[in-house]
Amino acid sequence: MTHTIGIIMNGVTGRMGLNQHLRRSVHAIIKQGGVTTTSGEVIMPRPILTGRNPAKLEAISKEFGGLAWTTDLDSALADQSNSIYFDAQTTDRRAESVKKAIAAGKHVYCEKPTANTLAVAYDLYRVAERAGVKHGVVQDKLWLPGMLKLKALRDLGFFGRIFAVRGEFGYWVFEGDVVPGQRPSWNYRKEDGGGLIIDMLCHWRYVLDNLFGGVQAVSCLGATHIPKRWDEAGRPYNVTADDTAYATFQLEDGIIAHFNSSWCVRVRRDDLLTIQVEGTKGSAVAGLRHCWIQPYGSTPRPVWNPDIESPLNYFESWQKVPEQMEFDNAFKRQWELFLLHVVKDEPFPWNLLEGAKGVQLAEKGLESWTKRAWVEVPALEGKVAAV
């Protein structure tokens with residue numbers, strides 16, 4: 001039996017919507033023959049592309065063999081053969097379209113952040129729950145090979161008691177005057193929904209909550225290190241959003257996490273994202289794909305002596321975690337799980353409430369920066385009665 005699922009894909013003219021969600025996820029699922037359920041049934045996506053630019057939509061449609069497309073979102077939502085609405089627009093446009101999709105009875109799946117404020121993000125969750133539709137938020141980093149290896153080490157008890165987590169994320173994004181910038185210019189305009197804190201603290205919320213413990217408090221300092229950039233047309237503009245964040249988080253069970261996140265840093269580490277986990281029995285450092293461990297019995301005994309060259313090579317005592325399984329694209333894997341959730345009602349905990357938690361942490365991070373103080377992160381209530 002084959003279940004054909006119409007998916008309205010809004011925002012595929014953008015980099016993330018096109019590359020990660022259409023090209024590497026939905027179209028990849030179509031090419032592999034759909035998603036096979038445990039009972040042998042097949043779920044086959046049928047995307048319809050929506051957006052505001054007909055020329056771009058037509059070109060993307062042709063690239064993928066003539067996919068249906070329209071600039072009329074209302075007509076796509078009115079079509080009963082479309083079951084899912086997906087949103088990868090800029091953040092400031094998301095809430096209105098998602099609410100419209102919910103009102104049309106569509107299940108919704110969207111990029112993060114789900115909104116620019118907690119009030120709007122949490123309202124989306126309540127509206128979806130009351131409407132009785134299924135809903136999900138992209139939390140892709142949970143399916144990165146490096147993060148899956150950290151989770152396996154945690155589940156095996158490798159770390160003993162975890163007490164600290166340290167994350168380093170970022171790379172140098174060129175200003176755009178001499179070398180073209182490799183991120184959209186709206187990312188650097190607060191008035192257009194840009195800013196590193198609203199972008200990245202949403203990621204760190206679900207990574208910390210799922211792998212190490214619930215976030216209870218945050219101390220965050222933001223900065224705008226590069227005040228002037230050039231947009232896609234070569235026009236200079238003033239940066240109005242933060243491009244860097246230095247954040248410390250207090251987690252459950254006394255775990256302390258610290259993440260440096262920046263679009264103004266030159267990389268000298270294993271990957272664009274590295275997370276180091278310290279435990280009483282061992283430590284690990286994970287990048288996007290690979291992971292290295294140092295168990296207690298292999299931990300060297302350094303002695304502080306700055307007057308001589310160190311006799312230790314601090315990299316040699318780390319062991320690389322072997323590749324014990326195949327890893328698929330992280331975005332594609334979550335798409336498959338959401339399709340199984342919609343069609344077969346399989347569990348999918350990464351919903352609009354989890355999206356609201358990410359926005360909450362970003363909002364609390366901005367509050368901490370303004371106040372120059374620690375800010376508590378209260379629990380969000382998770383059950384809303386349907387009407």
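In this predicted model, helix 1 (residues 15-31) packs against helix 8 (residues 330-344) at an angle of about 60°, and their axes lie 9 Å apart. Helix 1 is therefore oblique to helix 8.

**Helix 1 on helix 8**

- The crossing of helix 1 over helix 8 is right-handed.
- From helix 1, the contact takes in Met16, Gln20, His21, Arg24, Ser25, Val26, Ala28 and Ile29. Helix 8 answers with Phe331, Lys332, Trp335, Glu336 and Leu339.
- By class, the residues of this contact between helix 1 and helix 8 are 7 nonpolar, 3 polar and 3 charged.

- Strand 17 runs antiparallel to strand 16 (residues 291-295), and 2 bridges join them. Ile293 has Gln319 in strand 17 as its bridge partner.

**Helix 7 on helix 9**

- Helix 9 also packs with helix 7 (residues 196-211), at an angle of about 120° and with the axes 7 Å apart. That angle makes helix 7 oblique to helix 9.
- Helix 7 passes helix 9 in a crossing that is right-handed.
- The helix 7 side of the contact consists of Ile197, Ile198, Leu201, Cys202, Arg205 and Asp209. These meet Lys357, Gly358, Val359, Gln360, Leu361, Ala362, Gly365, Leu366 and Trp369 in helix 9.
- The contact of helix 7 with helix 9 divides into 9 nonpolar, 3 polar and 3 charged residues.

**Helix 4 on helix 5**

- Helix 4 (residues 91-103) and helix 5 pack at about 5°, with 10 Å between their axes. Helix 4 is therefore roughly parallel to helix 5.
- Ala95, Val98, Lys99 and Ile102 in helix 4 are in contact with Val120, Asp123, Leu124, Val127, Ala128 and Ala131 in helix 5.
- The contact of helix 4 with helix 5 holds 8 nonpolar residues, 2 charged residues and no polar ones.

**Aromatic pairs**

- The model has 15 aromatic pairs.
- One of them, Tyr109 with Phe338, is stacked, at 4.8 Å centre to centre and 15° between the planes.
- This pair links distant parts of the chain. Tyr109 sits in strand 6 (residues 107-110) and Phe338 in helix 8, 229 residues apart.

**Backbone exceptions**

- Most residues other than glycine have a negative phi, and most peptide bonds are trans.
- The peptide bond between Lys112 and Pro113 is cis, with omega about -10°. Pro113 belongs to the loop between strand 6 and helix 5 (118-131).
- Asp253 is not a glycine, yet its phi is positive, at about 60°. The loop between strand 12 and strand 13 (256-262) holds Asp253.

Methods:
Residues are numbered from 1 along each chain as its sequence is written. This is a predicted model: local features need pLDDT of at least 70, side-chain atom pairs count only at pLDDT 80 or more; totals for chains, interfaces and linings use all residues. Side-chain values use heavy atoms; hydrogens and water are left out. Axes are lines fitted to C-alpha atoms, for helices over the stretch in contact, and angles run from 0 to 180 degrees between N-to-C directions. Helices (H or I, at least four residues) and strands (E, at least two) are DSSP runs, numbered from the N terminus. Angles under 35 degrees count as roughly parallel, over 145 as roughly antiparallel, 65 to 115 as roughly perpendicular and the rest as oblique. A crossing is left-handed if the near helix is turned anticlockwise from the far one by less than a right angle, and right-handed if clockwise. Contact means heavy atoms within 4.5 Å. Ala, Val, Leu, Ile, Met, Phe, Trp, Tyr, Cys and Pro count as nonpolar, Asp, Glu, Lys and Arg as charged, and the others, Gly among them, as polar. Two strands pair if DSSP finds at least two bridges between them. Rings of Phe, Tyr and Trp (its six-membered ring) pair if their centres lie within 6.5 Å; planes under 30 degrees apart count as stacked, over 60 as edge-to-face and the rest as tilted.
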